[in-house]
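Hi,

Here is the structure I said I would pass on. Have a look at it first, and then read on for what turned up when I went through it.

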Amino acid sequence: MGVPVLILGESGSGKSTSMRNFEPGDLFVFNVAGKPLPFRKHFDKMDNPAYQNIQKELSKPKYKRYVIDDSQYLLAFEMFDRAKDTGYGKFTDMAIHFRSLIDFVIKRTPPDVIVYFLHHTEVGENGKVKAKTVGKMLDNQLTVEGLFSIVLMASVEGNEHFFVTQSDGYTTCKSPLDMFENKIGNDLVFVDQTIREYWEIPDDIDHSDYPISKEEWLLISKAAGNVGQIAEAAYKKYGYKKASEIKIRDLQNVIGEAEKQYKKYKEEPHDKDPDTGKADGKTKGKNP
């Protein structure tokens, strides 16, 4: 039984960009609209696939993870192709075709295969942000999010791109209890690894050579007492010039070094905070 995962978001919210930390060979992309990816890496892909092309490729999967980018175009393109058809039957057909693809993932792919549906959003009549379809007639036939156990929402605040994992009452995102924090970085590698660990799904990737995620950097920062210079000294000891270069294989070593240096920092007398240069409230000399 394969696992379908829905990633919702407006255009430009970081859905496609979330693939950036995978390496070529890690996944296969069904590029429904045939658009260039928003980064320089090149993945194995199929441009402009139809439902039957996707199902044929998934019937004998060579990868553990697939991305359908953007899946709502499967609905939109069929709508355009059948624009001259009269009657409501075409909406039922479109709902059946999309539902059948998700059923195919669940019932006819191996249990270690995860298929990510990257999908645009729209605001429904109830004011909630939901998966984009092609109108009320299709919505009456199909609730897209109801077919997924995991629905993440790609969002942007200023220069920060992230995934929201639980609904606040105004979206349809959801995820299993304690699988994710409510807000995580938009890193599909982290999402994939977390899902596999939570449900004990086998993984063919050695993640040790991957860069750490934002969440893992926060662990280093916490170990360093949120003192930037201590965190920097900890990762530089392992040969890294900047935080974005830290590999997962060295994460625990860097955390341990940060804890050791912060403990030493607290025990030593000093007047100034090493980051700001301002007085930190500690007094030189022996404690009274």
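Gln55 is partly exposed at 23% relative accessibility, where buried means under 20% relative accessible area, exposed over 50%, and partly exposed in between (1.4 Å probe, protein chains only). Gln55 has its place in helix α1; helices (H or I, at least four residues) and strands (E, at least two) are DSSP runs, numbered from the N terminus. Leaving aside residues up to four places away in sequence, Gln55 touches Ser100, Leu101 and Phe104, with contact meaning heavy atoms within 4.5 Å. Gln55 and Phe104 are 49 residues apart in sequence, yet 7.3 Å apart in space, C-alpha to C-alpha.

Before you go further: this is a predicted model, in which local features need pLDDT of at least 70 and side-chain atom pairs count only at pLDDT 80 or more, while totals for chains, interfaces and linings use all residues. Residues are numbered from 1 along each chain as its sequence is written, and side-chain values use heavy atoms, with hydrogens and water left out.

Now the overall picture. The chain has eight helices and ten strands, and 45% of its 288 residues count as buried. Along the principal axes, the C-alpha atoms fill a box of roughly 85 × 40 × 30 Å. Of the contacts in the chain with a separation of 6 or more, 61% are between residues 24 or more positions apart.

Six of its six residues are buried, so β1 is largely enclosed by the rest of the structure. Val3, Val5 and Ile7 point one way from the strand, and Pro4, Leu6 and Leu8 the other way. What does β1 pair with (pairing needs at least two DSSP bridges between two strands)? Six bridges join β1 to β5 (residues 114-119), and the two run parallel; here Leu8 stands opposite His119. Another three bridges join β1 to β8 (residues 151-157), again parallel, with Leu6 opposite Val151.

Then there are the rings. Rings of Phe, Tyr and Trp (its six-membered ring) pair if their centres lie within 6.5 Å; planes under 30 degrees apart count as stacked, over 60 as edge-to-face and the rest as tilted. The count comes to twelve aromatic pairs. Take Phe117 and Phe148: the ring centres are 5.3 Å apart and the planes at 75°, so the pair is edge-to-face. This pair links distant parts of the chain, with Phe117 in strand β5 and Phe148 in the loop between α4 (136-139) and β8, 31 residues apart. Phe117 is buried at 0% relative accessibility, and Phe148 is buried too, with a relative accessible area of 3%. Elsewhere, Phe28, Phe30, Tyr63 and Tyr66 form one aromatic cluster. Lys183 lies over the face of Phe162, at 4.3 Å from the ring centre; a charge sits over a ring if NZ of Lys or CZ of Arg is within 6 Å of the ring centre and within 35 degrees of the ring normal.

On to helix α8 (residues 251-267). Its 17 residues should span 24 Å at 1.5 Å a residue, and its end C-alpha atoms are 25 Å apart, which agrees (the expected span is 1.5 Å times one less than the number of residues). Which residues of α8 are buried? They are Leu251, Val254, Ile255, Glu257, Ala258 and Tyr265. Seen down the axis of α8, these fall within an arc of 165°, so they line one face of the helix; the arc is that of the directions from the helix axis to the C-beta atoms. The buried residues pack against α6 (214-223) and α7 (228-236), whereas Gln252, Lys263, Lys264 and Glu267 on the other side of α8 are exposed.

Finally, some backbone details to check on screen. A cis peptide bond joins Asp69 and Asp70, with omega about -10°; Asp70 lies in the loop between β4 (65-69) and α2 (72-81). Asn48 is not a glycine but has a positive phi of about 55°. Asn48 lies in the loop between β3 (44-47) and α1 (51-59) and is exposed, at 51% relative accessibility. Asp178, also not a glycine, has a positive phi of about 65°. Asp178 lies in the loop between β9 (160-164) and β10 (183-185) and counts as exposed at 68% relative accessibility.

Cheers

Technical notes
Pairing = 2+ DSSP bridges.
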